[in-house]
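Have the viewer open and follow along.

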Amino acid sequence: MTSPGDAAPVRPPPSFSPGVPRVASKTRYPDQRRDSSPNLDSDLVDSRIATSPPQPPLSATAAELPIRSASPHARSIRSSTPQLTRSSLGSPTEGRLDGSEDIRSLIIRSFSPVVGVYSSVDTDELVRQKGFAGGFWELIRPFGETVPGKIVVRDSVGASRGWEDYGVRFVDLGGNPQVSSEPRAPPLTQLEEALERQLESPDDPLGGILRPKDFLSFPTTSPLYKSFLRQLLSVSSPTPHETFRHPVASVIAISSRNTSPLETLRRLYADTSNGDRKLPEWVHPEYLRYYVLVHDEDRDDIAESTKLYDQMKRHFGLHCHLLRLRSNQCVVTDDDSCQVPEAEWLSPTERLSGRSEPLVDLDTDGQPYLFESDVTAIKAFVRELVAQSVIPYMENRVTVWNDQVASRRRGISGRFMSMSRRWAGFGSGSRSSLIGSGGGTSGNYDLAHGFYKPDVPEAILRKMADFAFMLRDWKLSASTYELLRSDYANDKAWKYHAGVHEMCAVSMLLNPLSMPGKSKINDIDQMIETACYSYLTRCSDAPNALRCLSLSMELLKSRGGSGIESAARWAMRAMDLSLVGSIGQALLSERISACYASRNAINGVRFGSRHRKAGMWSVLAADRWLRLGKPSLASASLEEAERLYADVLDSNGAFPIPEMQAFVDNLRHAVKVEYLESRGLDTGDEAATADPLDVFEPEETSEKLDKRKNRKSLIANPMDSGGLSSTQGARDDDNPANDDFERA
Amino acid sequence: MSYYFTILSSTDVPLFNIAFGTSKGGGDGIARFRFPDTAQYMNQFIIHSSLDIVEEAQWMNGNLYLKHIDTYPPASAYISAFLAPSGARFLLLHQPPQLPSTSSTGSGSSSILGASFSASALGGGSSSRASSSSIGANPTSPQTEEAVRQFMNEVYENYVKTVMSPFYRQGMEIKSPVFRSRVTAAGRKWL
């Protein structure tokens, strides 16, 4: 390994004071803060790329956690992160918002319109030739998730707004309908399993999960948590109580190989509207149909297809598209080959079923390849579908329903109507008196089956609000949800009731115009409480309760201010109700810590931040990771805790309270031992046999310690081969001073 | 109810710690926290983390007694705080028992008297002891606030006397057995 001699030159920052005998874990935060001053910006970025960042000579880093050897690197990134984000965002104040914007966009995108895909046999065959076993649906699915370019959406008052990140989700209508009926583990268990598999996969914990965290852990969230959230949001299957998973449109596809194209299209349409592919009766039967002709570039004649396409347009109107694809399979070695992006929104079930190998060899044959011309064609198709058919259709429906149904309810007479209906219990039939409790039911709710028929006002309003939500018109959706709240409560449609409270809170939080006043937050808290109670106690629907709590937590967090406290409280509630498994507990602990950490001190005064709380939760998260046997994640959490505590602890960084100090020391030690053990068993390099023995020795010589350090730094930071040697060099010097550094 | 009382100096150094349980309603005065015995550091973590709130609340409020300021929901631990003018912070963590039957065996008979808490202002006779047993049920009730306030005031008086001792320097840990016994007595009397 490298000796101090051949270390790369370390450039010390000007603010660095070498003579001060400080102990590492404390000093580096003051240093870091000084370092982050803008004039050092370029220095830091430099040092990140080329050399290791400067390190105080007396710092006793070697006695710290193994993962720490990666930390000088991470530290410099952290300190320079605000600057990096500033350059990218163009505004210095938005550096901190970066992470929450990310999550916000994730949440918004998770509620995208669903487009069904139903293709003829010949189309699926054509696509299967190209190497997509799932047929046409599998081919276009990844491309729906981000529609290229801006999508302009007009809201209810006529204002247009462009969205860069709009997307739709393609679902397979032609797939086996009975797949869902077979017994499965509850979704939350699957979620936990999927996370576990992700953690277990050999190269991920270091490569996929830790590294980005090290680079950007300050403002952004850990990829594992994002994956957790993404899977949680893709858990739900179509249910009566919300219409997000009901198809807004459906794509009906035939190929140029078909001998009787128009008849096939008619038959496919009939299948979806009243044939065997008919959706359950609680789904609104009227949705947009979009007809696609897939032309085989390699085998068929374009003139024929154009003629057929014109014919289609005459018969079926404007919602048609001619998609020109090549039917030959594309391989990597082809000139214009292009890898298909991975589908982002995979439910835990899909993740668990047979998708374990792409994680291992992601870039060899995990994802199939397509010709670039095909990719361009599919992208153009998706964009046309979304921008010219789906969005206008949804806008149109929202306007119509708003005029016909909602405005009647909103007006003074509508209020009176619903009130009179509520009080005149006898008028609405005998059912209300059977149910008792005073409130008259509308009679629209089918108690036996537990859903509203899709054409009654309650269901249409819900659908309209969901459409508005998916069109990102949160003002309209919030007011519509609010309208529905009492209706569902009167009808005792508890699942609808829970869902509408949840979505009302979420759309209020998403609406950028509504101010996060204290009273508003209280209202929202109340709604979340109701939703959570209804989901869990009345419907025992744990996945939705967890979704509700996580969404509220994330959105309240991004609101900042007094929302942070609520956010943390909801996260704790989710843990309390044991909605999450052990991995989820650790993730949520980290998240609570992030919530508290995002609350900053009021300008000019020292109080107002929540760093102690954030630090505590990080320590707890580290403890949980350790118990899960994930020492690398534990040490990342510990490091985060140390960063958070740096503000509030005294100059030498020790906890003033001895028991806390003892606990943190023990935790640190345990993490180190576990980490070394796992590395020693995993890697099998030269010290593997010696390792498990000498970590248990009460006294460790600095040499041994040193060796392990170096190995560790190789491990934790596979990226920065440049910074490696100098990091070690600096550390070699430090070893003599490092013994019981914390207790000094 | 189990209590963990600590006095922190203005630099967060603990000057005094004591854990005790309720003596009301037949309690034996022994603390039974929800954490296992090996995890008693959690009390300190919770108290330490609530300093964030103390620092904020002390500027929003003119009183020395800040009332109930913070909650740690996972263990349902409630923190009340009292500020001494010297900058020392008195923090009391109180935690209702997990199972209502574990510590308060005689609560059934005294619950009738629970509403008439006003008697407790008269001082610690046996009657007030019985009547204030309701504080165990609800840590945020006005009765509890009042009881904690009385406790804090009494501890503060004793704290001032102890700190005035010529052998005590500011920032030193309080080792006086007299003080400890006084705090225990106050705890028995009020909590």
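Predicted model: local features only at pLDDT ≥ 70, side-chain atom pairs only at ≥ 80, totals over all residues.

## Where the two chains meet

Helix 25 (residues 611-627) of chain A packs against helix 1 (residues 41-60) of chain B, the axes lying 7 Å apart at an angle of about 155°. Angles over 145 degrees count as roughly antiparallel, and that is why helix 25 of chain A is called roughly antiparallel to helix 1 of chain B.

On the chain A side, the contact uses His611(A), Arg612(A), Lys613(A), Met616(A), Val619(A), Leu620(A) and Asp623(A). Helix 1 of chain B brings Tyr41(B), Met42(B), Phe45(B), Ile46(B), His48(B), Ser49(B), Leu51(B), Asp52(B), Ile53(B) and Glu55(B).

## Chain B at a glance

Chain B holds six helices and five strands. Reading from the N terminus, its elements go β-β-α-β-β-β-α-α-α-α-α.

Of the 191 residues in chain B, 52% are buried. Among contacts in chain B with a separation of 6 or more, 61% come from residues 24 or more positions apart.

Back in chain A, Leu644(A) sits in helix 26 (residues 631-645). Is Leu644(A) buried or exposed? Its relative accessible area is 2%, so Leu644(A) is buried.

Who's around it? Setting aside neighbours within four places in sequence, Leu644(A) touches Ser593(A), Ala597(A), His611(A), Ala614(A), Gly615(A) and Ser618(A). One of these, His611(A), also takes part in the contact of helix 25 with helix 1 of chain B. Then there's Arg612(A): 32 residues from Leu644(A) in sequence, but 7.2 Å from it C-alpha to C-alpha.

## The parallel sheet in chain A

Chain A also has an open sheet of five strands, paired in parallel and ordered 4-1-5-6-7. Strand 4 (169-172) and strand 7 (320-325) are the edge strands; each has a single partner, so one side of each has no neighbour in the sheet. Ignoring direction, neighbouring strands are turned by 30° against each other on average.

Strand 1 and strand 5 of chain A pair in the parallel sense over six bridges, and Val117(A) stands opposite Val251(A) in strand 5. Helix 6 of chain A packs on the sheet, touching strands 1, 4, 5, 6 and 7, and its direction makes about 165° with that of strand 4. Helix 15 (residues 372-410) of chain A also packs on the sheet and touches strands 1, 4, 5, 6 and 7; its direction makes about 165° with that of strand 7.

## Helix 5 and its cover

Helix 5 (residues 121-129) of chain A has Asp122(A), Thr123(A), Asp124(A), Leu126(A) and Val127(A) as its buried residues. Their cover includes strand 1 (114-119), helix 6 (136-144), strand 5 (247-255) and strand 6 (288-296) of chain A. After helix 5 comes Gly131(A), with a positive phi near 100°.

Last stop: helix 10 (residues 261-274) and helix 11 (residues 302-316) of chain A, whose axes come within 11 Å and cross at roughly 40°. That angle makes helix 10 oblique to helix 11, and the crossing is right-handed.

Pro261(A), Leu262(A), Leu265(A) and Arg266(A) of helix 10 meet Leu308(A), Gln311(A), Met312(A), His315(A) and Phe316(A) of helix 11. The residues of this contact split into six nonpolar, two polar and one charged.

Definitions and conventions: Residues numbered from 1 in each chain as written. Chains lettered and ligands numbered in written order. Heavy atoms only, no water. Axes fitted to C-alpha atoms, helices over the stretch in contact; angles between N-to-C directions. Helix = DSSP H or I, 4+ residues; strand = E, 2+ residues; numbered from the N terminus. Parallel < 35°, antiparallel > 145°, perpendicular 65-115°, else oblique. Left-handed = near helix turned anticlockwise from the far one by under 90°. Contact = heavy atoms within 4.5 Å. Nonpolar A, V, L, I, M, F, W, Y, C, P; charged D, E, K, R; others polar. Buried < 20%, exposed > 50% of the residue type's maximum accessible area, 1.4 Å probe, protein only. Pairing = 2+ DSSP bridges.
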